[in-house]
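This briefing is meant to be read beside the sequence and the coordinates. Please keep both in view while going through the points below.

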Amino acid sequence: MSDYLFMLENHLSVAQNRVVAEVQAVATEGNVSLFLAGGAMRDMLGGFQVRDLDFAVEGNATRMAKTLAVRSGARIVSTDEARRAVELVFPGGVTAQIALARQEKYARAGAKPQVTPGTIQEDLRCRDFTVNAIALALNRAARGLLIDPMNGLADLNRHELRALQSTSLYDDPRRLLRLLRLKIRLGYTVEERTQSQYLAAREAQMERFVSRRALCEELKQIAEEPNPGEVVRVLQEEGLLALFSSALAAGKLNLAGLAKLERARRLLPPDAGYLDLNWAPFFLALTEKLSPKERAALLQATEMRKTEVSPWKNLPPRTKKLENTVKAARLKKPSQVYGVLSKAAGNEILYLLYQSTMRLVHDRIKNYLQKYLALAQEITDAEVQAAGATPGTPRFAKLKEEMIVARVDGRTKKPPPPPEPPPPLPGARRGRPPRSLTM
Ligand code: CTP
C-alpha cells in the first residue's frame, strides 16, 4: 500500500472509508478512472478533519452517482449540470461530491465557464488554489499515486494559499469569497502575488460578477464553517457583505447572536450524526435583526430556492413545539428526556439551545447531550444479541430500547472490562508458571 493510501485510511472515519471503498468498486466496474481531489486531499495532507469526500472521475459522474444511489443507498442532494458534479449523502451522514474531471474555459472574467471533459491533470490546473489542486489516484492501474502538478504540497507545508493562475480570481470571482473563508478556516496566510491579485480584482470590482446562486452556495458553505461569525465579520470588514444584504452591511449584522450559536453548537457531540444541522439556525441567527422586507431582499439577492428557504422558515415553530415538550413537568426520569430529545432533529436542538431562555430546558438538553447520549451508546448490538434477540427483528429493537432506558435511568451499569492478566513475575519464563508457584 502506498504511503498516501495508508495515510488516507488512517485519516478518514470508518464510515468515510466505507464510502471510498464503495465508490472505488463502482468505478472499477464501470472502468472509470477515479481520484480523490480538492478539499478532501487538502484536509488530509494538511492534517485537518476531512469534511467532504471530493471525487473526480474521468468518465460519466452522473451515471456513477446514480449507480451509487441504488447500490449504497446514497441520496443525491444536488446535481450541477454545468459543472457535471453531483452531491451525495451516504447512509451514516458521509457527504461526497462526484465530479467530471474537466477543463474550464472562461470567455471573459466572471462568465459561465465552458466545460469540456478533461484529464485529471487538466482538471487540477483549472482549480482555484494550489492546496486544492492535488489528487490521489484510486483506480487500479495507478492506485496510491499522488498527482500534484502545481506543487500544492509545498504550499500546504508553508501554510499558504496561492492562486493557481494570475487570473484565477477574475475567472471565477466567487473565489474572492472562498479565499477569505479558507484563510480563516485553515489559519493560512495568502501568498504575496495572490494577495496582489485579490486587491487588483477588488479594485476592478470583480465581486459584481459573482452570480446570485453562487452567493447562495457561499452562504450555505459559511454556515458549515467552524466559525461562521468570523467569516461574516471579515466579509463585512472587506466590504463584501453588501453583496448579500445592504441591511446586514449597514449595521444589522448579528455577530453576538452568531457567537452564541457557535457556543451552542460546541455542545453537540460531533459524532452524533446530526444531518442538516447548521444551515437553518445559522440563517436565522444571521438575519435576526432584519425586517421581513430586508430578509426578502436577501433571498432575492441570493436567488434562494424553496428547498433552502423552508428549513429556516419551519424551524421556529418546530423548535417552539420541542421547547414545550422538553419543559413539561411530566418528564421525570432521564429516560423520558432521552426519549424526547433522541427523536428531535439536530437543528431543532441547536436552535432551542440558541434561543430558549428557560434554565430547565438548557439543563435537560445538556444532560441529554453530555450524559444520556453517551450512556445510550454503551448498549451495543452485541450486548442485545447476547441478551437473546435476533438482529433485524422487532424484538431486537424493543429489547435494545428497554436496555437503553434501563442504562440511562441508572438501573444497569456498564459491565467492567475483563480483568487484565497479571504481569509475569520477574524471572518467570513466558508461557510457563514459575516453579515455586506450582509446587
Ligand atoms: N473549486 C474551484 N473554484 C470554485 C469552487 C471550487 O476551483 N469556485 C475547486 C477547488 O479545487 C475545491 C473543489 O473545487 O477544492 C471542491 O469545491 P468545494 O467542495 O466547494 O470546496 P472545498 O475546497 O472542497 O472546501 P470544503 O472543505 O468547504 O468543502
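Which residues are linked in a network of salt bridges? In this predicted model, the network is made up of Arg 51, Arg 174, Arg 181, Arg 185, Glu 218 and Glu 225. A search of the whole structure finds 34 salt bridges, and the points below begin with two that involve Arg 181.

**The salt-bridge network**

- Arg 181 pairs with Glu 218, and the closest N and O atoms of this salt bridge are 2.5 Å apart. Because Arg 181 belongs to helix H8 (residues 174–186) and Glu 218 to helix H10, the pair ties together parts that are 37 residues apart in sequence.
- Arg 181 counts as buried at 2% relative accessibility, and Glu 218 is likewise buried, with a relative accessible area of 1%.
- Arg 181 also meets the side chain of Glu 225 in a salt bridge, at 3.0 Å from N to O. This second pair links distant parts of the chain, since Arg 181 is in helix H8 while Glu 225 is in the loop between H10 and H11, 44 residues apart; both Arg 181 and Glu 225 are buried.
- In general terms, side chains of opposite charge can pair when their charged atoms come close.

**Another salt bridge**

- The side chains of Glu 160 and Arg 158 form a salt bridge with an N to O distance of 3.6 Å. Glu 160 counts as buried at 17% relative accessibility, whereas Arg 158 is partly exposed, with a relative accessible area of 46%.

**Charge across the chain and on the surface**

- The chain carries 66 positive and 48 negative side chains, and the centres of these two sets lie 7 Å apart.
- Asp 52, Glu 87, Glu 224 and Asp 276 gather on the surface in a patch of negative charge.

**Backbone points in loops**

- Asn 151 is not a glycine, yet it has a positive phi of about 60 degrees. Asn 151 is found in the loop between strand S9 (146–147) and helix H6 (152–158), and at 44% relative accessibility it counts as partly exposed.
- Gln 205, also not a glycine, has a positive phi of about 55 degrees. Its place is in the loop between helix H9 (192–203) and H10, where Gln 205 is partly exposed, with a relative accessible area of 41%.

**An enclosed helix and a partly exposed helix residue**

- Helix H14 (residues 279–286) is largely enclosed by the rest of the structure, because eight of its eight residues are buried; among them are Trp 279, Pro 281, Phe 282 and Phe 283.
- Thr 67 sits in helix H4 (residues 61–72) and counts as partly exposed at 27% relative accessibility. Thr 67 and Gly 30 are 37 residues apart in sequence and 9.9 Å apart in space, taken from C-alpha to C-alpha.

**The chain as a whole**

- The chain contains 22 helices and eleven strands, and its C-alpha trace spans about 90 × 60 × 45 Å along the principal axes.
- Of the 439 residues in the chain, 45% are buried; the accessible surface comes to about 23,100 Å², of which 53% belongs to carbon and sulfur atoms.
- Among contacts between residues at least 6 apart in sequence, 65% join residues at least 24 apart.

Definitions and conventions:
Residues numbered from 1 in each chain as written. Predicted model: local features only at pLDDT ≥ 70, side-chain atom pairs only at ≥ 80, totals over all residues. Heavy atoms only, no water. Patch = residues over 30% accessible without salt bridge, like charges linked within 9 Å, V, L, I, M, F, W, Y side chains within 5 Å. Areas by Shrake-Rupley, 256 points an atom, 1.4 Å probe, with all protein chains shown as cover. Salt bridge = Lys/Arg side-chain N within 4 Å of Asp/Glu carboxyl O. Lys, Arg positive; Asp, Glu negative; His and termini not counted. Charge placed at Lys NZ, Arg CZ, Asp CG, Glu CD. Helix = DSSP H or I, 4+ residues; strand = E, 2+ residues; numbered from the N terminus. Buried < 20%, exposed > 50% of the residue type's maximum accessible area, 1.4 Å probe, protein only. Contact = heavy atoms within 4.5 Å.
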